[in-house]
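Please brief me on this structure.

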Amino acid sequence: MNIVVIGPAGSGKSTFVKSFLEYLNDAKAVNLDPASDPIYKADKDIRDFIRTEKIMKDFNLGINGALIKSMELSLNYIDELILKDDYVLYDTPGQMELFLYLSSGTDIAEKIANSDKTIAIFIVDAKVASTPENYVSILAQNAVISLRTEIPTITVFNKCDTTKFELTPLKVKEMLKEGGVLSELMEKLVDFVEETTVRYRTIKISALKKEGFDDVFSAINEVFCSCGDLS
Ligand SMILES: Nc1nc2c(ncn2[C@@H]2O[C@H](COP(=O)(O)OP(=O)(O)OP(=O)(O)O)[C@@H](O)[C@H]2O)c(=O)[nH]1
Ligand SMILES: [Mg+2]
């Protein structure tokens, strides 16, 4: 099974891969971020082939151009990076738009998804998600990830060791009933999220402290169960 870890810069993707790797015990890890050395023992590493800092020099590019070029070049090596095992964790580039909005990014996602049953874990910083507006837009982003990558996606709120995080779609709906600051757009977004997201029971974790991983693990299994694909 492939577990693709995706999320905004600094949300804790690499820390999650490191900790979840230990939790799963016998899993494998693949670093797909050409811009940073893995903080865990990677069984495959894109940086053996592509290093963004070298691309900057070789092609005389700034950091954004080099990141885009790195993704394009990574596609040439993806077949060598995909592993087949019980659990394979894929760490993705810091800037998730590289993965979501470049054709090289979605091509990489497609190759992974075609190799085995695959799920995406969308890691977000709970602090960033702690207003109703941000919370709903993050859930909507989950739907965008599923659409762009064609991979079922579970949102996981990280860094809950430092943030008290209590929002749920139900609570947001209750707040909408009270009227006030939340707009019509929000109400429509909540409905959109309910119709499009594979599941949204709130999963709160601390990748740093290895808390909440039982919930992540059962959510992964539930998704495949609900897809009729747990064989
Ligand atoms: N308090 C706390 N900090 C965390 C947690 N997870 C990650 N961090 C910290 O957040 C920072 C970013 O973590 P990374 O794992 O590098 O995040 P990332 O999403 O891989 O970052 P990029 O790949 O650079 O985008 C580091 O300083 C981590 O120690 C957590 O659960 N709790
Ligand atoms: Mg990282």
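Asparagine 25 follows helix α1 and has a positive phi, near 75°. Helices (H or I, at least four residues) and strands (E, at least two) are DSSP runs, numbered from the N terminus. This is a predicted model: local features need pLDDT of at least 70, side-chain atom pairs count only at pLDDT 80 or more, and totals for chains, interfaces and linings use all residues. Residues are numbered from 1 along each chain as its sequence is written, while chains are lettered from A and ligands numbered from 1 in the order in which they are written.

**Helix α1**
- The 12 residues of α1 should span 16 Å at 1.5 Å a residue, and its end C-alpha atoms are 16 Å apart, which agrees. The expected span is 1.5 Å times one less than the number of residues.
- Because 9 of its 12 residues are buried, α1 is largely enclosed by the rest of the structure.
- Buried means that 20 or more other C-beta atoms, placed from the backbone, lie within 10 Å of a residue's own; exposed means 12 or fewer, and partly exposed is in between.
- Among the buried residues of α1 are Lys13, Phe16 and Leu21.

**Serine 14**
- Serine 14 sits in helix α1.
- Serine 14 is buried, with 23 other C-beta atoms within 10 Å.
- Leaving out residues up to four places away in sequence, serine 14 touches Pro38, Ile39 and Asp91. Contact means C-beta atoms, placed from the backbone, within 7 Å.
- Serine 36 is 22 residues from serine 14 in sequence, and their C-alpha atoms are 9.8 Å apart.

**Ligand 1**
- Ligand 1 is surrounded by 18 residues, and the closest are Gly12, Ser14, Thr15, Gly94 and Leu208. Each has its C-beta atom, placed from the backbone, within 6 Å of the ligand.
- Helix α1 (residues 13-24) gives the most to this shell, with 3 residues.

**Nonpolar core**
- The largest nonpolar core has 55 residues, and Val4, Val5, Leu89, Tyr90, Ile121 and Phe122 touch the most other members. Such a core is a set of buried Ala, Val, Leu, Ile, Met, Phe, Trp, Tyr and Cys residues joined through C-beta atoms within 7 Å.
- Strand β5 (residues 118-125) gives the most to this core, with 6 residues.
- Beyond its neighbours within four places in sequence, tyrosine 90 contacts Asn2, Ile3, Val4, Val5, Val30, Leu32 and Ile112.

**Whole chain**
- The protein chain has 10 helices and 6 strands.
- Of its 231 residues, 37% count as buried.

How values were computed. Contact = placed C-beta atoms within 7 Å.
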